[in-house]
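Good morning, and thank you for coming. Please look at the sequence and the model on the screen while I take you through them.

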Amino acid sequence: MTEPVAVRFQDTDIAALSSAEGRIALILPPDGSLGPDARRLDRLTRGAVARAVGSKAWGRLKPGESLEIGWPAGLAAEALQLVPLKRRAPVPEARRAGGAIGRKLHEKGTVVVAGTHAGVADIVLGLRLRAYDFADHRTGSRDVPGPVAVMSARAAAAAEAARALDAVAQGVFFTRDLVNEPANVLTTREFARRLEGLAQLGIEVEVLDEKALGDLGMRTLLAVGQGSDSPSLVVVMRWQGGAAGEAPLALVGKGVCFDTGGISIKPAAGMEDMTMDMGGAGVVAGVMKALALRGAKANVVGLVGLVENMPDGRAQRPGDVVRSMKGDTVEVINTDAEGRLVLADVMWYAQERFAPRAMIDLATLTGAIVIALGHENAGVFSSDDALAGALLRAAAAEGEGAWRMPLGEGYDRLLKSRIADMKNVGGRPGGAVTAAQFLKRFVRDGLPWCHIDIAGVTALTEATALAPKGATGWGVMTLDRLVRDMLEG
Ligand code: BES
Ligand code: MN
Ligand code: ZN
């Protein structure tokens with residue numbers, strides 16, 4: 001488990017600043033005006049701070065960027081990083097400013113001089129998220145960042161606010177570790193085992209094995225996993241922080257630990273990326289962890305379908321017809337459209353067992369959503385405007401890209417099968433939408449439901465403001481906020 005870097009809060013201490021080794025980061029308003037702490041640092045550096053913020057380069061900085069003074073005279077530190085941030089910056093901007101600092105933490109330690117800035121907790125969250133480093137499989141020595149000290153005029157309040165956001169950081173790290181883990185390590189069993197660890201936090205965790213899934217009639221899910229040596233599993237995580245008897249919010253995640261495509265096998269190039277095909281399940285796990293850590297006053301149940309999609313003598317074939325738990329039959333035209341087969345059964349089970357007030361599923365479901373939206377936005381599909389609106393607002397407030405996509409009868413018609421109730425694919429045009437339409441057939445009429453296709457945002461080949469290359473943890477912050485806004489208000 002990757003741990004977020006430790007952060008200590010203290011009052012501004014100018015003597016400690018001048019002798020601090022490692023790095024110093026100074027938060028400044030973009031207009032370059034110097035507050036008391038900045039003026040002291042300016043005096044120590046004999047005017048370097050004032051000259052830097054008077055430069056053209058300073059004026060050109062965009063949110064999340066910074067200027068750097070190397071080996072500054074008058075300081076023991078190796079670098080003084082000047083980070084612009086408006087006094088009343090929106091939360092995502094404060095986090096990006098923190099991200100600029102977190103990208104460059106020094107092994108001898110880093111001091112952040114935040115002065116009177118009110119967004120310190122968000123700066124620190126951004127710093128910790130960007131400093132994430134998945135090092136479990138690298139041998140040899142590496143630079144481990146030294147302690148981070150945050151000097152703030154409101155150290156006690158900042159520490160308090162940062163504690164609440166620590167739960168979010170832990171949740172995001174949990175998701176990222178799961179998503180980054182290779183498939184020979186994160187098998188379905190290992191995934192379930194890690195989820196069982198959440199029981200320590202007060203989450204009720206239950207693992208359904210193949211026998212139980214068979215008895216429940218989850219045949220579309222089992223068909224996906226039948227070519228794998230790893231057992232198919234469904235894990236149920238219940239957090240009961242709300243009123244007893246109050247219907248929960250259900251979160252459902254696609255957990256395909258590896259997606260070869262099955263008999264409809266994928267091309268070799270890029271197939272290694274399919275270790276992240278459990279990203280939806282990873283987000284559900286991270287949100288549950290965050291909710292438990294911060295003691296959310298809400299009832300939320302998380303369900304994940306854990307399978308591996310392999311080609312094998314026992315694997316399902318194109319053309320097979322399987323019966324879902326709901327009772328509808330599916331003609332499996334393409335075994336690579338497996339995520340919807342997994343979700344169909346888990347979503348139906350979630351509704352049957354928990355009668356939720358709303359249901360949100362997350363899945364790395366289609367390549368088509370990547371073509372449509374790239375890596376900037378997840379695709380949001382919903383027939384409930386209120387739920388979709390609340391979700392999009394939460395995403396915007398957290399700075400996670402999300403964009404509403406359509407649903408409609410015309411797309412649904414593309415799923416018509418000659419011999420069964422439906423096919424599992426609707427052709428290339430509108431591929432992300434027909435996938436969502438398929439899922440919609442497994443949602444009870446009237447239940448507020450939202451499907452989020454996260455195929456384009458779950459893992460990236462380039463670093464972002466808040467994440468190094470690899471898993472992003474997209475969705476943990478958005479869903480944590482949605483729970484706060486929708487259920488804890
Ligand atoms: N896991 C993939 C979707 C995916 C693609 C996730 C790229 C992340 C990045 C999914 O199971 C899949 O293979 N979908 C097919 C569906 C098609 C066969 C209808 C796809 O998108 O090509
Ligand atoms: Mn697939
Ligand atoms: Zn898949």
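I begin with helix H6, residues 120-130, which is mostly covered, with 11 of its 11 residues buried. Here, buried means under 20% relative accessible area, exposed means over 50%, and partly exposed lies in between, with a 1.4 Å probe and protein chains only. Helices (H or I, at least four residues) and strands (E, at least two) are DSSP runs, numbered from the N terminus. Among the buried residues of H6 are Val120, Asp122, Leu125, Arg128 and Arg130. An α-helix has 3.6 residues a turn, so residues three or four places apart point the same way.

Some words on the origin of these values are needed. This is a predicted model, in which local features need pLDDT of at least 70 and side-chain atom pairs count only at pLDDT 80 or more, while totals for chains, interfaces and linings use all residues. Residues are numbered from 1 along each chain as its sequence is written, chains are lettered from A and ligands numbered from 1 in the order in which they are written, and side-chain values use heavy atoms, with hydrogens and water left out.

Let us turn to the chain as a whole. The protein chain has 17 helices and 19 strands. Its radius of gyration is 24 Å, close to the 23 Å that the globule rule gives for 489 residues, so the chain is as compact as a globular protein of that length. That radius is taken over C-alpha atoms, and the globule rule is 2.2 Å times the number of residues to the power 0.38. Along the principal axes, the C-alpha atoms fill a box of roughly 80 × 50 × 40 Å. Of the 489 residues in the protein chain, 59% are buried. Contact means heavy atoms within 4.5 Å. Among contacts between residues at least 6 apart in sequence, 78% join residues at least 24 apart.

Next come the metal ions. Which residues supply the protein donors of the manganese ion (ligand 2)? They are Asp259 (OD), Asp336 (O and OD) and Glu338 (OE), at 2.1 to 2.2 Å from the ion. Donors are N, O and S atoms within 2.8 Å of the metal (3.2 Å for Na, K and Ca); water is not among the atoms, so sites may look incomplete. The 6 donor atoms around the manganese ion subtend angles of 70 to 167°, which makes the arrangement irregular. As for the terms, four donors count as tetrahedral if all angles lie between 85 and 135 degrees; four count as square planar and six as octahedral if opposite donors are over 155 degrees apart and all others between 65 and 115; anything else is irregular.

Asp259 bridges the zinc ion and the manganese ion, which lie 3.2 Å apart.

In the loop between E12 and H12 we also find Thr335. Thr335 has 1% relative accessibility and therefore counts as buried. Its side chain reaches the backbone oxygen of Gly261 at 2.6 Å. Leaving aside residues up to four places away in sequence, Thr335 touches residues including Ile263, Asn309 and Arg317.

I close with two loop residues. Most residues other than glycine have a negative phi, and most peptide bonds are trans. Arg46, in the loop between helix H2 (36-44) and helix H3 (48-53), has a positive phi near 55°. Is Arg46 buried or exposed? At 65% relative accessibility, Arg46 counts as exposed. Trp71, which is not a glycine, has a positive phi of about 40°, and its place is in the loop between strand E3 (67-70) and strand E4 (79-84). Trp71 counts as exposed, at 65% relative accessibility.

Note on methods. Polar contact = N/O pair within 3.5 Å; in protein donor to acceptor, adjacent residues only side chain to side chain.
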